[in-house]
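Hi everyone, thanks for making time for this. Please have a look at it first.

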Amino acid sequence: MKIAPTSFPVTSILNTKQYNYADSFVGDITDNENKIKAIDVAKAFFSSAPQWVDKLFTLRNKIVRVFGLKTNDNNVNRAELLANFKGEMGEQLGLFKVYNSTQNEIVLGEDDKHLNFRVSLLVEQSSSVPFTKNIIITTTVEFNNWFGKLYFLPVRPFHKLIVPTMLKGIITELQTQQH
């Protein structure tokens, strides 16, 4: 399975302005029955992260709590939340709030005092391969102050490792669900 950097999708809800940081990664999945929707990708996004990614987020939460930044609540029943997750605007799952939602794209993110980030989970029909969909994860960041820039310096290299790994996990989980 090939995961690759790609250009910012012109069809994305987020494609409305310039950001301080933005990247996009794409992977393909066969969808013979044309059933995969953005909500499926979002649920897989929250359930397919490798353990090392979860440990990094736990470490991040411990560190940033000292600075008064937002963290997610690890004491909730994540499986129950995920089962009831509909991907509707305003819904919250962990640190991620749903900012926009269509059949083909869900935009998650959070606004904090140091930066605002969005993650677009976009599903598009492949223009070159029949019965194949492109799943594109786009991340945007807007810095609100110098601390946001400072915070993102060490995060950026991890981000470039985490997102392709997450996309691979999403596709693997969706393929497993199809069989």
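The protein chain has 4 helices and 7 strands. Helices here are DSSP runs of H or I with at least four residues, strands are runs of E with at least two, and both are numbered from the N terminus. Read from the N terminus, the order is β-β-α-α-α-β-β-β-β-β-α.

A word on where this comes from: it is a predicted model, where local features need pLDDT of at least 70 and side-chain atom pairs count only at pLDDT 80 or more, while totals for chains, interfaces and linings use all residues. Residues are numbered from 1 along each chain as its sequence is written, and side-chain values use heavy atoms, with hydrogens and water left out.

How much of the chain is buried? Of the 179 residues, 44% are buried. Buried means under 20% relative accessible area, exposed means over 50%, and partly exposed is in between, with a 1.4 Å probe and protein chains only. Now take contacts, meaning heavy atoms within 4.5 Å. Among those between residues at least 6 apart in sequence, 61% join residues at least 24 apart.

Let's go to the aromatic rings. Rings of Phe, Tyr and Trp (its six-membered ring) pair if their centres lie within 6.5 Å; planes under 30 degrees apart are stacked, over 60 edge-to-face, and the rest tilted. That rule gives 9 aromatic pairs. One of them is Phe45 with Phe96, edge-to-face, with 5.5 Å between centres and 90° between planes. Phe45 is in helix H1 (residues 38-47) and Phe96 in strand S4 (residues 96-101), so this pair ties together parts 51 residues apart in sequence. Both Phe45 and Phe96 are buried. Phe46 also pairs with Phe96: the centres are 5.6 Å apart and the planes at 75°, so this pair is edge-to-face too. Here H1 and S4 are linked again, across 50 residues. Ring pairs join Phe45, Phe46, Phe85, Phe96 and Phe117 into a cluster.

On to charges. Which residue has its charged end over the ring of Tyr99? That is Arg118, 3.5 Å from the ring centre. The rule asks for NZ of Lys or CZ of Arg within 6 Å of the ring centre and within 35 degrees of the ring normal. Arg118 is buried, at 16% relative accessible area, and forms a salt bridge with Asp111, with the closest N and O atoms 2.8 Å apart. A salt bridge is a side-chain nitrogen of Lys or Arg within 4 Å of a carboxyl oxygen of Asp or Glu. Asp111 is partly exposed, at 28% relative accessibility.

The whole structure holds 4 salt bridges. In another, Lys133 meets Asp31 at 2.8 Å, N to O. Lys133 is in strand S7 (residues 132-143) and Asp31 in the loop between strand S2 (21-30) and H1, 102 residues apart. Lys133 and Asp31 are both buried. Glu33 and Lys35 form a salt bridge as well, at 3.0 Å, N to O, and these two residues are exposed.

Last stop, helix H4 (residues 146-178), where Trp146 lies. With 63% relative accessibility, Trp146 counts as exposed.
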